[in-house]
Amino acid sequence: MWILFAISSSFFAGLTAILSKIGVQAIHSHLATAIRTSVVLIFSWLLVFLYGQTSSIATISSFTFCFLVLSGLSTGASWLCYFRAVQIGEVNKVSAIDKTSTILTILFAFLFLQESITNRSFLALLFLAIGTWLMTGLHSIKDLKSHSDYRWLIYSFGSAFFASLTAIFGKIGIENIPSQLGTAIRTCFVLIFAWTFVWLQGCQKELCTISKKSWFYLILSGFSTGISWLCYYKALQDGNASVVVPIDKLSILVTIFLSHFILGERISSRTKLGLTFLLIGTLLLL
């Protein structure tokens with residue numbers, strides 16, 4: 001069942017990227033992050049009450065709570081980077097680089113969770129790295145100089161790094177508690193982190209200027225994220241992080257498909273080749 005949860009997480013994560021891209025077009029990326037996190041928080045706590053898991057709060061150890069906090073903060077950092085990258089770059093390229101968190105997660109799982117790295121998984125990492133590079137559309141580092149704004153690349157890698165930390169911290173934090181409760185608790189800290197950045201930059205002034213269209217897509221993005229998270233952490237609780245994360249990263253398929261038909265982003269031959277490498281690398285890890 002944890003594989004089915006991982007696949008479901010992948011689908012809704014891919015859908016989230018498109019909804020987010022549409023929702024942040026006319027507002028500050030940090031404000032968009034804070035708004036959709038608020039939606040995720042409401043959604044996740046509603047499920048906690050529906051499942052009757054509030055009584056488990058008193059049994060959470062300080063060790064578990066600490067890692068839930070770390071997971072929430074790293075998620076907040078990852079989201080801030082990701083939304084900024086999506087706002088200034090193409091969503092299919094940003095999503096591709098964001099998937100390098102798979103490589104980092106596998107390495108961190110080996111170092112901190114004692115999950116093994118086999119010859120097969122090493123080959124998979126190689127395919128994932130090549131696929132990611134191809135999908136960026138860059139032929140060499142020198143190509144960065146020809147781009148008018150390559151900050152999306154830096155933000156994308158930042159998103160990947162913090163996302164990998166999220167997976168490791170989350171895996172440790174939800175081992176002894178219901179996954180829905182773990183998701184709800186960590187979302188509280190994501191929300192605090194996100195709104196802190198909004199107030200520090202004075203972005204809250206834009207709340208009154210947000211269009212109905214942006215509100216609609218940001219709320220949908222929040223619900224999609226909430227469903228993805230619940231599936232993801234249930235899969236992470238029952239399965240290996242080094243397998244759950246690669247499956248979740250197949251959301252790139254959904255993202256590229258929808259970005260082409262909804263956002264009109266072109267799928268080049270290089271992108272298709274890169275996607276093929278990503279798929280082969282992911283399948284090798286299963």
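Start by selecting Phe-67 and Phe-169: both residues are buried. You are looking at a predicted model.

**Stop 1: a pair of rings**

Show the side chains of Phe-67 and Phe-169. Their ring centres are 6.0 Å apart. The planes meet at 50 degrees, so this pair counts as tilted. Why tilted? Stacked planes are under 30 degrees apart and edge-to-face planes over 60, and the rest are tilted.

Now colour the helices. Phe-67 sits in helix 3, residues 62-88. Phe-169 belongs to helix 7, residues 151-173. The pair therefore ties together parts that are 102 residues apart in sequence.

Which residues does it join? Ring pairs link Phe-63, Phe-67 and Phe-169 into a cluster.

**Stop 2: a pair within one helix**

Move to helix 8, residues 179-200, and select Phe-193 and Phe-197. These two are 4 residues apart, so about one helical turn separates them. Their ring centres lie 5.1 Å apart. The planes are at 35 degrees, so this pair is tilted.

Is Phe-197 buried or partly exposed? Its relative accessibility is 31%, so Phe-197 counts as partly exposed. The cut-off for buried is under 20%.

**Stop 3: a charge over a ring**

Select Trp-79 and Arg-36. What lies over the face of Trp-79? Arg-36 does, at 4.3 Å from the ring centre.

**Stop 4: the salt bridge**

How many salt bridges does the structure hold? There is 1. To see it, select Lys-234 and Asp-238, whose side chains meet at 3.6 Å, N to O.

Zoom out to helix 9, residues 212-238, where both partners lie. Lys-234 and Asp-238 are 4 residues apart, about one turn of the helix.

Next, show the surface. Lys-234 has a relative accessible area of 26%, so it is partly exposed. Asp-238 is at 44%, so it counts as partly exposed too.

**Stop 5: a buried threonine**

Finish with Thr-105, in helix 5, residues 101-112. Is Thr-105 buried or exposed? At 1% relative accessibility, Thr-105 counts as buried.

Now select what surrounds this residue. Leaving aside residues up to four places away in sequence, Thr-105 touches Ser-164, Ala-167, Ile-168, Ala-241 and Val-245.

Note on methods: Residues are numbered from 1 along each chain as its sequence is written. This is a predicted model: local features need pLDDT of at least 70, side-chain atom pairs count only at pLDDT 80 or more; totals for chains, interfaces and linings use all residues. Side-chain values use heavy atoms; hydrogens and water are left out. Rings of Phe, Tyr and Trp (its six-membered ring) pair if their centres lie within 6.5 Å; planes under 30 degrees apart count as stacked, over 60 as edge-to-face and the rest as tilted. Buried means under 20% relative accessible area, exposed over 50%, partly exposed in between (1.4 Å probe, protein chains only). A charge sits over a ring if NZ of Lys or CZ of Arg is within 6 Å of the ring centre and within 35 degrees of the ring normal. A salt bridge is a side-chain nitrogen of Lys or Arg within 4 Å of a carboxyl oxygen of Asp or Glu. Contact means heavy atoms within 4.5 Å.
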